[in-house]
Every structure is written in C-alpha cells, then in structure tokens.
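Subject: Structure handover

Hi,

Here is the structure I promised to pass on to you. Please open it alongside this email.

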Amino acid sequence: MTLFSPEPPYGLTAVAAPATGRLTDAREVDILLVGAGYGGLLTAIELAEAGARVAVIEARDIGAGGSGRNHGQCIPVFRYLGSATLPEKGTGLLAEAGAMVFDRIARHGLRCEAVQKGTLSAAFNDRTLATTRAAQAKYARYGKSDRYLDAGEIAELTGTRAFLGGWVHRDGGHVNPLGYARELARLALSLGIEVFTDSPMTAFTRRNGRWSIRTPEGEIRARTVGLTTDAYSTAAIPGAVTRGFFPLTSYAVASRPLTTEERANVMPSGMNFGDTHHDPMFFRIDAAGRIITGGLQEPGRGRRFDYTAAFMTRRLSRIWPVLAGLNWEFMWTGTVSMALDQTPSIQRLDDGLWALSGWSGRGVPTSAALSVAFARTLEDPAAGRDWWPQRQPPRVIARALLGQMVQLCRGPFNQLRDRMEG
C-alpha cells in the first residue's frame, strides 16, 4: 500500500493558531457560543462588533473539526436560495455569501491563502447545457454572473475542450480552511472575545434567568447560549440539535504539487472547477500547486487510498492528459451534517438556548451568511425572524443508518446514470 498522510496538508502552510487555553474558572458574559468553528467564531465576531460581551468554548483545538478539514472551496451556490420560505434579508445574505467571505478576509488582513477568481461550472452534454444555463440565469438575476460562456471561452479558462459551455460565479474562490479558522480566532480575540480551547461542554443548567455551562475545569454563565457544534456535537449537546440531520463522512485527497507544465495546462484561470455529472467532480489548486478534490465516502473511494488515488488520476487525465502521471500524497476525512431539505436551521431549544445546525455542506460561504442571521437572532429573537426562519427541522429517523445507505448507494447509482448518458 502506498504511504500517504491521513491529515490534510493545510497545517504545512497555515498561520499558527493564536494562543488560547482551557477555561479554568468562572466567567460571566452576555452570550456564549459553544463550538469554535466558522459558525461559532463568525457569530461571536458579529455579536462583539455590535457591542456584546461574548465568549466561545471549543472542545479541541481551533480548526479540529469540519472548519479545518473541509475542501477549502467557497462555492456560493445554494439550492435553497430564492426559496419561498426565506425572508428577504436571508435571501440577500445568501446572495452575498461569497463576497462576505472575501470582504472580511481583505478588511481584516486574514492570512489564509485566499484566492477569489470565481467558481466555474462546466457542461459536458445537452442535459447539462440546460441545467447550467438555468443556474447562470438564476445567479445573473442576483448580479453574480455576467453571461453564459461558450465552449471556446470555457476552454480558455480550463485548458481543455472537453466541455460545451458553462458559467462562472464571480464571488467564488478558495482558502486554506485551517488558516481561515485560525485567523477568525485571532480576529475574535482582537475584538475582546474570550476563546477557550480544550474546554468541552459537559453540562448545562438554567437558573435565575441565566444559563450555566460547565466544562471539565470551569463554568461560564450567560443570558443566551448558541450551540454551533453541528456534525461534531458530543453527547452533552441536546439531542434535538442532531435529530434534524444525518451524518455523512466526506473525504478529500491532495496531490503532489503540479509541475510548471501541468499548472499551465490545468485550470490556468485559477478558478475552482466543478462539472455537472450526476457523479460530480470538483477541485481547486492550492497555493502549493496541489489539486484538492474529494466527495462523499463510498465503499471504495475515500476508504482505500490506492483505489481512490488511481480513480482520481484516471478521471482527471481523461480531461487533462498532462495529468496522466499524477500522484497523491494526502487523504483525510471529515463529517458533514445533511438536513433532509438541505437547508440550515436556526432552532430554539429553550428560553435563551439556540442552535445553528444542518449546514449540509459548503460551510465556507454558508457560515458567512448564517452567522449574521444567528447573531441577530441571539440578540433579539423577534428581529431574528426577519433574517432566517426559526424552526424545528424535519426529524431524521434512523440517522446513522440513513447516512450509511446514502454513502453505500449514492456513488454507484450516479456513476450508472452517467454511463447511461454516455
């Protein structure tokens, strides 16, 4: 078996995490966030900028969960954008989610290898020409795409003539996700937010109108608590948070750095790439020149490194023959929360106790939008309804079994559909 690293390469170039420590005493704040991923940190930043006293506790290190293990792509394309269930402000947040990510990075000088050159969606047959035309028209209405591109224009951007057309979401891009999480923590600390790591929530009680959240060595009292642990929730998190989604295991692989020739011929535009197969392929090229791609773990892909590496090289080299000799050096996994309607939920659990869950993937742009809505809800629940629905998400029966079945069947079924289309 080929040797590989089971951890992402992000730590090789990410900035060091800011100095944090365990919660070891008793504190009192206005609002406490549980979980220092993108959701918790960004919500805390929004609240602190509005003048609240805020603290964040994290069970492990900054970026130890999904925020430091995702693919690093900012793809601000959402199935539920424009849904009749979303208020106008929520729709506006989603439409601007990609811009919000990179605007904050630029405004605060966050060092996370940020590249905002757009996200390209390429069509390979008549069916996908129609679907990509419809997607482009939708995002053009929000001012996020100029026009539909023909085969020649797509070839210039991708370095291949394998596609018939496509479109670009101008706000897309990518980051070093671990670096982004660490820099958000640094920004939070600079705003006076207390951030405690290695401090998992072990118990919570409510008395005299305030919540008491305990960790192994300390306690924080707050009038309002927001739970942002999502797919990485522990047994101490109320079950109502996790009943609204089913867990899926995602995987990612990173190649060796591309050669100068390979880099010149594969996505010379520097954009994120995504195609429209039923079994989709997406990837980005990081600052070191590595291709980073992946998907949901299947019986073979994402479990067996040699199989996964060979599959990815074969798939990519069909489109870019220069990649025929591509080798892979990293493969890692993470956990994704998938809501039945693929829509995140802001959920009231009790007076002053709220949860943000069911991210359903695309955490980089989703967190930028939902953190604003969640912050406004924690400040004033009545006003928060103008930003995002407050709801009990549809309950998922047999969560673990459903996740296993999706991962067992989804990939082979979609590959069969692609073969039938030719």
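Below is what was found in it, part by part.

First, the ground rules. This is a predicted model, in which local features need pLDDT of at least 70 and side-chain atom pairs count only at pLDDT 80 or more, while totals for chains, interfaces and linings use all residues. Residues are numbered from 1 along each chain as its sequence is written, and side-chain values use heavy atoms, with hydrogens and water left out.

Helices (H or I, at least four residues) and strands (E, at least two) are DSSP runs, numbered from the N terminus. Two strands count as paired if DSSP finds at least two bridges between them.

The sheet: eight strands make up an open sheet with mixed pairing, in the order E5-E6-E4-E13-E14-E15-E12-E16. Strand E5 (149–150) and strand E16 (328–338) stand at its edges with a single partner strand each, so one side of each has no neighbour in the sheet. Within the sheet, E4 (residues 119–123) and E13 (residues 272–275) run parallel and are joined by four bridges; Ala122 has Asp275 in E13 as its bridge partner. Helix H9 (residues 305–319) lies across E12, E14, E15 and E16, at about 95 degrees to E16 (axes are lines fitted to C-alpha atoms, for helices over the stretch in contact, with angles from 0 to 180 degrees between N-to-C directions).

Gln347 is partnered by Ala355 in E18.

After H1 comes Gly51, with a positive phi near 105 degrees.

The second largest pocket: a pocket here is an open set of points on a 1 Å grid over the protein atoms alone, where a 1.4 Å probe fits, with protein on both sides within 12 Å along at least five of seven lines; lining residues have an atom within 4 Å of a point. Of its 13 lining residues, His277, Asp279, Arg315, Arg318 and Asp418 lie nearest the centre. H9 gives the largest share of the lining, four residues.

Best wishes

Methods: Contact means heavy atoms within 4.5 Å.
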